[in-house]
Amino acid sequence: FESGSEPIAPDAAHWGYEEGYVRNQERQYYTNDIRNAFLQDGFLHVEAHRHEPGTYPVGSHPGQDGSISSASLTSRSRVQFLYGRAEMRGRIDTQLGSWPAFWTLGASGEWPDRGECDIMEYYQGKLLFNVAWWLRGDARWTPRWDGESVPLDSLPPGWEAELHTWVMEWDPAGVRLFMDDVLYNEWDSSRDRGDGSIEGFQQEHFFILNQAIGGKAGGDATNVTYPTSYEVDYVRVYEKSP
């Protein structure tokens with residue numbers, strides 16, 4: 001991400017915004033406000049902020065009192081790819097209640113049949129490397145997961161203060177997920193084949209880069225210090241040639 005000393009908005013040719021209370025009963029109201037997602041000093045900053053209750057619309061789940069704003073950037077219809085390598089280098093917020101992620105969704109179909117890949121996901125003291133899919137006969141909106149997790153306290157002291165690189169390698173045979181050149185999960189696409197449903201990883205995917213707070217998995221967000229800090233050095237995509 002190229003930028004100077006003054007904050008500027010992410011490039012609209014690459015990134016759009018999700019807005020509102022989008023998923024997982026999370027506390028934040030997603031906005032397109034530059035204070036929640038901005039480029040400055042060479043980094044993309046994705047931040048959750050605290051406000052007076054009612055600053056944003058009130059949601060229907062606990063904690064959705066309109067007092068927390070954040071950003072969820074999506075490349076849908078802007079940057080999509082089919083097979084190749086995707087990289088994100090960044091520094092994430094590891095407070096209890098913080099739920100940063102960099103992930104993909106299939107461009108077509110209903111979730112989870114469309115396919116989901118969590119290249120980087122963090123909550124409640126652990127990093128996750130997940131693939132989700134669906135087979136005919138499964139309950140609607142009920143994914144099959146192939147997930148691996150790494151406890152934060154198993155990593156070197158001070159890990160959270162450093163920049164790290166997450167990678168998705170993807171071809172017709174499957175998905176491989178790395179962090180700092182270590183393979184953490186490998187998924188075989190034959191597991192999503194032969195039932196007549198969508199083969200979610202045989203279609204284009206787009207990216208979501210977001211900072212969530214609390215919700216179903218984020219944990220107790222009572223003591224989160226704002227603004228949160230999710231800093232992205234770069235996102236790079238290398239699409240496989242036909």
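## Surroundings of L177

Leaving out residues up to four places away in sequence, L177 touches C117, D118, I119, F129, N130, V131, V167, M168, V182, L183, Y184 and N185. The model is a predicted one, and in it L177 sits in strand 15, which covers residues 174-179.

Is L177 buried or exposed? L177 is buried: its relative accessible area is 0%, and the cut-off for buried is under 20%. One of the residues in contact with L177 is F129. In sequence L177 and F129 are 48 residues apart, while their C-alpha atoms are 6.6 Å apart in space.

## Overall fold and dimensions

The protein contains one helix and 18 strands. Its C-alpha atoms fill a box of roughly 50 × 40 × 40 Å along the principal axes. For 242 residues, a compact globule would have a radius of gyration near 18 Å; the protein has 17 Å, so the value agrees with that expectation.

Of the 242 residues, 52% count as buried. Taking contacts between residues at least 6 apart in sequence, 69% join residues at least 24 apart.

## Surface and charge

The accessible surface of the protein is about 10,900 Å², and carbon and sulfur atoms account for 47% of that area. There are 20 positive and 38 negative charges, and the mean positions of the two sets are 5 Å apart.

Over the whole structure, the search finds 12 salt bridges. One of them joins R85 and E169, whose closest N and O atoms are 2.8 Å apart. Which parts of the chain does this pair link? R85 belongs to strand 9 (residues 84-91) and E169 to strand 14 (residues 164-171), so the pair links distant parts of the chain, 84 residues apart.

R85 has a relative accessibility of 27% and counts as partly exposed. E169 is also given as partly exposed, at 24%.

The side chains of D146 and R191 form a salt bridge with an N to O distance of 2.6 Å.

## Surroundings of W141

Where does W141 lie? W141 is in the loop between strand 12 (126-133) and strand 13. Apart from neighbours within four places in sequence, W141 is in contact with E110, W111, P112 and W134.

Among these contacts is P112. W141 and P112 are 29 residues apart along the chain, and their C-alpha atoms are separated by 6.0 Å.

How values were computed: Residues numbered from 1 in each chain as written. Predicted model: local features only at pLDDT ≥ 70, side-chain atom pairs only at ≥ 80, totals over all residues. Heavy atoms only, no water. Salt bridge = Lys/Arg side-chain N within 4 Å of Asp/Glu carboxyl O. Helix = DSSP H or I, 4+ residues; strand = E, 2+ residues; numbered from the N terminus. Buried < 20%, exposed > 50% of the residue type's maximum accessible area, 1.4 Å probe, protein only. Rg over C-alpha atoms; globule rule 2.2 N^0.38 Å. Contact = heavy atoms within 4.5 Å. Areas by Shrake-Rupley, 256 points an atom, 1.4 Å probe, with all protein chains shown as cover. Lys, Arg positive; Asp, Glu negative; His and termini not counted. Charge placed at Lys NZ, Arg CZ, Asp CG, Glu CD.
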